[in-house]
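Trainee: I am new to this structure and would like to take a close look at a single part of it. Please take me through that part slowly, and then show me how other pairings compare in their setting.

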Amino acid sequence: DAEDAKKYLSHDRIDVIAKIIYCEYFLNITPTNFNKLFYYLHLKKWNNFKATDSYKKSFYEYKKEFNEIILSIKKKGFDEQNSIIPIDQYNKIIDGSHRLGASIVLNQKITIAKFLVNSPSVTIERFINDFNFKKNITLIDYLIFNYIKYNETLRIFTLFPARNRQFDKQCYAIIRRYGDILLTKSLQVRNLLNGFNMCRVFYEGAEWIGNIQNKYKGAMWKANECLKNSNGIIDVILFNPSEKKYSTDIHLKKM
């Protein structure tokens, strides 16, 4: 039976996001050359466009074939008769990242076949290190932004600097009981105004942060309490729950 394509979007095959980014460019959803450039850099870092299992040897050939895949899926949907996406025993794709990416953007169901092998692993860490994206962290930020956009179960924890850091190890251990920590990042807030604006975003919708009439006095109080007499660094954790129920408000509060 045809299945929801998003089900097979995995942090162990984060390269699918690079295909999604290009697909959004091609379909004029995000018509910025940065999306096209991201796809180009991803393929170049992969193996300089020379895949061992493909005839494609240049960016033009990759782009041309991917454009055809996108247009075909847009016009006819996923071709269940002549196309399947192989997945491993852990539901990670073995091949077909372009078809999966296009199907996710176009909200099309896919046909899969399971094999008792392990999929190649392409993680965020591999993008940072093996692909050498660490020289431009903006690329990683953009990758994560788009991953969050298409994975509705991902959650972000923020650890304010006004905390007892002796409990950090225990904190991380509790989070890992319920899923994977995909990435951690330290944000230098620098000043109270930045902290105030971040608190307005973090707690948007909560009545206690205030409103434009009282200049969001609750958000200012929170920023003061969490940032004063500290190094001004907020630590951010990107969390991928192992089960959907672990992404709910009730369970997150329990954690």
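With which residue does D235 form a salt bridge, and how far apart are the closest N and O atoms?

Mentor: Before the answer, a word on the source: this is a predicted model, in which local features need pLDDT of at least 70 and side-chain atom pairs count only at pLDDT 80 or more, while totals for chains, interfaces and linings use all residues. Residues are numbered from 1 along each chain as its sequence is written, and side-chain values use heavy atoms, with hydrogens and water left out.

D235 forms a salt bridge with R165, and the closest N and O atoms of the two are 3.6 Å apart; the term stands for a side-chain nitrogen of Lys or Arg within 4 Å of a carboxyl oxygen of Asp or Glu. The pair links distant parts of the chain, since D235 belongs to strand 7 (residues 233-241) and R165 to the loop between strand 5 (155-159) and helix 7 (168-177), 70 residues apart. Helices (H or I, at least four residues) and strands (E, at least two) are DSSP runs, numbered from the N terminus.

Across the whole structure, a search finds 13 salt bridges. One of them joins the side chains of K92 and D12 at 3.9 Å, N to O, and this pair likewise links distant parts of the chain, with K92 in the loop between strand 2 (85-87) and helix 4 (97-105) and D12 in the loop between strand 1 (3-4) and helix 1, 80 residues apart. K92 counts as buried, at 16% relative accessibility.

Another salt bridge brings together the side chains of E68 and K64 at 3.0 Å, N to O. Both of these residues lie in helix 3 (residues 59-76), where they are four residues apart, about one turn of the helix. E68 is partly exposed, with a relative accessible area of 45%, and K64 is partly exposed as well, at 40%. As for the pairing itself, side chains of opposite charge can pair when their charged atoms come close.

Definitions and conventions. Buried < 20%, exposed > 50% of the residue type's maximum accessible area, 1.4 Å probe, protein only.
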